[in-house]
Amino acid sequence: MYISTRNEGINISASEAILNGLAADGGLFVSATFPNLRERLEELIKLDYQQLAVEILDLFLNDFEREEIVDIIKTAYDKFEIDPPLKLKRVEAHYLLELFYGKTLAFKDMALSVLPYLLSKSLEKQNVAEDMLILAATSGDTGSAALSGIKSIERLKAVAFFPSGGVSEIQKRQMLAEKSDNTTCYQVFGNFDDCQTAVKTLFADKDFKQQLQEKGYILSSANSINIGRLLLQIVYYFYSYGELVKNKTIKLGDKVNFVVPSGNFGNILAAYYAKKMGLPVNHLICASNQNKVLTDFFNTGKYSIKREFYKSISPSMDILIASNLERLLFDITKDAELVKKLMLDLKDKGEFILEESLRQELKDFYAYNLTEEQTLAVINKVKKEKNYLLDPHSAVAYGALEYYLAETGDKSKNIVVATASPYKFSAAVLSALDENETDNLLNDLEKLAQINQEELPKVIREVLAEQGQAKAITREEMKEHIFDFVD
Ligand SMILES: *Cc1c(COP(=O)(O)O)cnc(C)c1O
C-alpha cells in the first residue's frame, strides 16, 4: 500500500497513487514497504528486461493482475527499436548505461512510454467515469516523451506547453511530430518558469477543473513525482548489475557505484530504492551542473533555493526544487511531521536544514557538480581519449565520477547513467569538439554522426522531416486552447 511523505496515516492502492500523482496533503506517495530481493538476485539476473520489469512492478502494483502488468510492459517496450530497450557499453574501466533508445532519445522514455498504460488501467480500476487530460509544462524532454507515450492511448489526452524561446530545435520538432488526435503542443510566450507557473495556476483553478469535469475530463500531470515513473526506473539498475555479473566483470554480491546526472532527483532515487531492495551498491554519486543545489545539500545539510538560476547546456538538469528529494527525506527520517516541516521551511523561507544526526543517513551518497566549461572539456576529452561521445547531461555524470575516484580511490566497478543521445544536444556537443555549428541542423547532425562513426539514428531523420509549426499563444490564452482541444 502507499502512504504520503507528509502523512503515514493514509493507505491507498497503487492505482489510486498513480492516478492522483500528488497526495492531498501536498506530499508524495511512497510504498509503505520495500521487499528485499537479495536472496532472489541470482534468479532475477537471468531474466530478460521485460520479465525483470514484470517481477519488480508486480511487487509494487498491489491492485494490478500479473497478466495486466505483463501486457503493459510488452506493449510499451516492444515499441523500442532495440530489445532490451537499453545498452550497457564499456568505456575503458567504466560502464555507460545508455537509456536513450526510446522515441525521444532521452531516459524519460523508459518510464513515460509505460506510464500512460498504467494511468489508463488505473482509471478503469478506480471506476473513474471521466477521461484524463494531462497538462505538461516542459523545458524539452518531458513534453515529447509524454506526448509520445500518450499518443493513441484510449481515455487519455495530453497538451504540452513549451516556452517560445526555450527549447532546442530538435526538441520542438519532436513534440510536433507527436501531435495526434489526442495529443498537442503549444509554444507559450515567455520562459520556462512562466510556462510552468501558468500550468500550476490551471491546476489550482477550481472553476477550470469544474468546467473540464463537465466536459468529461479529470486533470493530471506527467512529471516525475508520479510513483509509477519511479518504479519503472528501478528496473534498469537491477538489469545493468546483472549484465556485469553475466559478463563476469563482477561476481554476484560485489558492489558497484552508480553515477546519475540529476535534476528532479527521480532517477537517482530509483537507484537508492534498488539498493534498499538488496542490490549490492556501494555509493550513489549525484551529479549536478552549475545549478548545484543538490551538491550543496549533500555536502552541507542545507538545501537552499535562494540562489541564481542558470540556463545550462544540460537543460534537463536546470532545476532548483528537486521534488523527489522529499521521498529520500521521508525514507531516512521515517517522520512525516518532520518532512512536512522541512518542506514548509523550503516554501516559506526558501531553505531547510537537515540536522547533523540525520545527515549520517545520507552516507550512501556522494555529490559533485561541474561548470559549463568542465562539462565541455569532459565531452572533448572522453571523445578524444576513449572514442565515446557523451551528451552534456551524461558528461556531467562522467566528470562527477572522476571527482569521486580522485577523492575516494574506490576500486568498485562504476556504472555511469547516460540519459540522452548526443544528437539531441548537437549544438553543445559540436562546440565541445571545437567544431563549428552551421545554420543547417541536418548538416550539423550528419557531421556529428560522422564524428561518432555511425549512421544518424532513424528517429532523428524522421523528426527532421517534421515541418509543422506550434501555435504561439499567451499564458492568458491557454485555457481556451485547452477547451478547443478537448471539445
Ligand atoms: C530529466 C533528465 C535528467 C534528470 O533526471 P531526474 O530524474 O529529474 O533527476 C537528466 N538527464 C536528462 C537527459 C533528462 O531528460
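Guide: Strand β4 gives the second largest pocket the largest share of its lining, four residues. This is a predicted model, where local features need pLDDT of at least 70 and side-chain atom pairs count only at pLDDT 80 or more, while totals for chains, interfaces and linings use all residues. Residues are numbered from 1 along each chain as its sequence is written, and side-chain values use heavy atoms, with hydrogens and water left out.

Visitor: Which elements give two or more residues to the lining of the second largest pocket?

Guide: Those are β4 (87–91), α7 and α21 (458–464). Helices are DSSP runs of H or I with at least four residues, strands are E runs of at least two, and both are numbered from the N terminus.

Visitor: And which residues lie nearest its centre?

Guide: For the second largest pocket, Phe100, Tyr101, Gly102, Leu105 and Pro457 lie nearest the centre, out of 35 lining residues. Its volume is about 720 Å³.

Visitor: What counts as a pocket or a cavity here?

Guide: On a 1 Å grid over the protein atoms alone, a pocket is an open set of points with protein on both sides within 12 Å along at least five of seven lines, a cavity is a set where a 1.4 Å probe fits but cannot get out, and lining residues have an atom within 4 Å of a point. Points are joined across faces, edges and corners, and a volume is the space filled by probe spheres set on them.

Visitor: OK, how many cavities of 30 Å³ or more?

Guide: Two, over the whole structure. The largest cavity comes to about 40 Å³, and its lining includes Ser262, Asn291, Tyr303 and Met317.

Visitor: Switching to charges. How many salt bridges does the structure hold?

Guide: There are 32, taking a salt bridge as a side-chain nitrogen of Lys or Arg within 4 Å of a carboxyl oxygen of Asp or Glu. One of them joins Asp141 and Lys424, with the closest N and O atoms 2.7 Å apart. Asp141 is in helix α7 (residues 141–150) and Lys424 in the loop between β15 (413–418) and α19 (426–432), so the bridge ties together parts 283 residues apart in sequence.

Visitor: Is Lys424 buried or exposed?

Guide: Lys424 counts as buried, at 1% relative accessibility, and Asp141 is buried too, at 5%. The cut-offs are under 20% relative accessible area for buried, over 50% for exposed and partly exposed in between, with a 1.4 Å probe and protein chains only.

Visitor: What does Lys125 meet in a salt bridge?

Guide: Glu68, at 2.8 Å from N to O. That pair links distant parts of the chain, with Lys125 in helix α6 (residues 115–125) and Glu68 in helix α4 (residues 66–77), 57 residues apart. Lys125 is partly exposed at 25%, whereas Glu68 is buried at 17%. The charged end of Lys125 also sits over the ring of Phe64, 5.0 Å from the ring centre; that label needs NZ of Lys or CZ of Arg within 6 Å of the ring centre and within 35 degrees of the ring normal.

Visitor: Which residues are linked in a network of salt bridges?

Guide: Arg40, Glu43, Glu55, Asp58 and Arg66. Within that group, the side chains of Glu43 and Arg40 meet at 3.1 Å, N to O. Glu43 is partly exposed at 40%, and Arg40 is partly exposed at 26%.

Visitor: Now rings. How many aromatic pairs turn up?

Guide: A search of the whole structure finds 21. Rings of Phe, Tyr and Trp (its six-membered ring) pair if their centres lie within 6.5 Å, and planes under 30 degrees apart count as stacked, over 60 as edge-to-face and the rest as tilted. Phe34 and Phe60 have ring centres 5.8 Å apart and planes at 70°, so they are edge-to-face. Tyr368 and Tyr403 have centres 5.9 Å apart and planes at 25°, so that pair is stacked.

Visitor: Where does Phe189 sit, and what is it in contact with?

Guide: Phe189 is in the loop between β8 (183–188) and α9 (192–203). Leaving aside neighbours within four places in sequence, Phe189 is in contact (heavy atoms within 4.5 Å) with Ser164, Ala472, Ile473, Thr474 and Arg475. At 47% relative accessibility, Phe189 counts as partly exposed.
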